[in-house]
Amino acid sequence: MTDTVNVAMVGLGFGAEFIPIYQAHPQANVSAICRRDEAKLNACGDQFGIETRYTEYEDVLKDDGVDFVHINSPIPDHARMTLQALDAGKHVMCTVPMATTVEDCRQIVEKVRETGLKYMMAETVVYSREYLYIKDLYEKGELGEVQYLAASHPQDMNGWPEYWERMIPMHYATHVVSPCLGLMDSPAEAVSCFGSGRVRDDIREKSGNPFAVETCHIKVKDRDLTAHIWRFLYDVARQYRESFDVYGTNKSFEWTLTEGEHHVLHTAGKPEPEIPTKVEIPDFAHLLPQEIQRFTLPAEIHDADHLSFLQGGGHGGSHPHMVHEMVSALIDDRDPQPNAVTSANWTCVGLCAHESALKGGELVRLPEFTLG
Ligand SMILES: NC(=O)c1ccc[n+]([C@@H]2O[C@H](COP(=O)([O-])OP(=O)(O)OC[C@H]3O[C@@H](n4cnc5c(N)ncnc54)[C@H](O)[C@@H]3O)[C@@H](O)[C@H]2O)c1
């Protein structure tokens with residue numbers, strides 16, 4: 001039984017944001033950092049006082065002092081880096097998505113099962129204060145029976161690193177899949193997705209995806225429930241939004257249309273004008289060790305100019321919750337949430353959705369290995 005764990009941070013754009021949180025966590029150390037650009041690696045190491053620095057990922061994996069890697073590299077590298085880390089005996093926390101092919105998801109799930117190592121996909125949405133608020137309402141029975149869920153993630157990626165131009169909207173869908181399935185604590189069973197509109201020629205050629213928008217229905221396994229999600233990356237005029245709506249028999253939660261406005265709670269059985277109420281979302285820092293509670297607040301975001309914070313709404317104060325989930329799972333020797341199977345299901349919803357869109361909306365079943 002160990003009482004502290006050593007993490008190596010890999011990829012130091014968005015990834016650097018987690019360093020001060022791990023450093024403040026009473027049961028974690030940042031023992032090493034890794035990125036390819038040596039000058040930027042050294043700047044980061046100097047800034048946070050971290051001596052062990054690697055430009056080669058393979059050297060991180062040879063370091064016996066590293067218990068787990070927290071991967072924040074570009075999306076095309078997630079699966080390869082995860083599989084390499086598991087082969088080297090390291091636990092893995094990896095930013096979303098788990099992978100961009102069903103086969104890579106399968107390999108990760110199998111390797112986690114074979115090795116007994118832990119895997120967590122660092123999905124920000126299911127640790128955001130809005131999600132924790134809705135989950136609290138649901139668990140207290142205030143929503144009643146859930147009848148329908150909906151989530152949207154429109155995001156104009158012009159100006160982001162070039163690899164986004166090769167991405168397919170539904171291949172980065174976990175921010176909309178995860179709240180729907182996470183709240184219901186059930187996997188997806190099948191999806192039907194349509195493509196809509198057209199992206200400009202250069203994006204279509206690079207990504208192989210012709211659609212501007214992908215819009216998908218998810219059948220939740222063993223429940224009379226459907227969720228609807230939609231996404232775009234280019235060529236649609238809309239402010240960034242990561243929304244989540246839940247419709248219950250007693251109460252329903254609807255996300256604000258524009259950033260910075262109040263979300264709305266609708267209550268059944270009231271006179272029509274009184275049905276909607278604007279809500280203040282409480283913070284859930286009290287769930288965390290005292291030393292990292294302050295990191296739920298926007299003021300503690302280290303690099304507030306990083307595009308993912310300008311467009312990401314600060315990720316709802318989720319970063320310290322994710323850090324604590326992975327660290328405490330390792331210390332308690334339990335699976336973190338989302339574990340490998342759940343992460344694969346959430347990721348494969350998007351992969352199967354794109355397959356469905358290419359087949360004109362045909363129903364595509366989620367692979368068996370993602371169903372738990
Ligand atoms: N809300 C969220 O969950 C959220 C928000 C922002 C970013 N992300 C994810 O985080 C990841 C990084 O995003 P970003 O905006 O910081 O990207 P970025 O391209 O700015 O940074 C990527 C980093 O990875 C490093 N890197 C790339 N290849 C490497 C290799 N082979 N070995 C070691 N380091 C390597 C780069 O040097 C750089 O530091 C992406 O996968 C993105 O999807 C998730």
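This is a short tour of a predicted model, stop by stop.

Before you start, note that residues are numbered from 1 along each chain as its sequence is written. Because the model is predicted, local features need pLDDT of at least 70 and side-chain atom pairs count only at pLDDT 80 or more, while totals for chains, interfaces and linings use all residues. Helices (H or I, at least four residues) and strands (E, at least two) are DSSP runs, numbered from the N terminus.

**Stop 1: the two domains**

Color residues 5–124 as domain 1, then 126–319 + 349–370 as domain 2. These bounds come from an automatic or database domain assignment. The C-alpha centres of the two domains lie 25 Å apart. Domain 1 gives 22 residues to the contact and domain 2 gives 27 residues. Two residues are in contact if their C-beta atoms, placed from the backbone, lie within 7 Å. On the domain 1 side, helix H1 (19–24) and H5 are the elements that give two or more residues.

**Stop 2: helix H5**

Select residues 102–115. This is H5, with 14 residues. From first C-alpha to last, H5 reaches 20 Å, close to the 20 Å expected at 1.5 Å a residue. The expected span is 1.5 Å times one less than the number of residues.

Now show Asp104, Cys105, Ile108, Val109 and Val112, which are buried. They sit on the same side of H5 because they cover an arc of only 135° around the axis. That arc is taken from the directions from the helix axis to the C-beta atoms. Turn to the face away from the buried side: Glu103 and Glu114 are exposed there. A residue is buried if 20 or more other C-beta atoms lie within 10 Å of its own, exposed if 12 or fewer, and partly exposed in between, with C-beta atoms placed from the backbone.

What covers the buried residues? Helix H4 (78–87), strand S6 (119–122) and helix H11 (340–358) are among the elements that do. Step past the end of H5 to glycine 116, where phi is positive, near 75°.

**Stop 3: the nine-stranded sheet**

Show the open sheet of nine strands, in the order S14-S13-S12-S11-S7-S10-S9-S8-S15, with mixed pairing. S14 (276–279) and S15 (364–365) stand at the edges with a single partner strand each, so one side of each has no neighbour in the sheet. Strands pair if DSSP finds at least two bridges between them.

Start from S14. It runs antiparallel to S13, with four bridges joining them. Look for leucine 265 opposite threonine 277 in S14. Next, S12 (residues 251–254) pairs with S13 (residues 263–267), also antiparallel, over four bridges. Here glutamate 254 faces valine 264.

Move to S8 (residues 188–196) and S9 (residues 213–220), an antiparallel pair with eight bridges. Serine 196 stands opposite valine 213.

**Stop 4: proline 169**

Finish in the loop between strand S7 (146–154) and helix H7 (174–184), where proline 169 lies. Is proline 169 buried or exposed? It counts as buried, because 31 C-beta neighbours lie inside 10 Å. Beyond its neighbours within four places in sequence, proline 169 contacts Glu214, Arg231, Phe232 and Leu233. Leucine 351 is 182 residues away along the chain, yet its C-alpha is 9.6 Å from that of proline 169.
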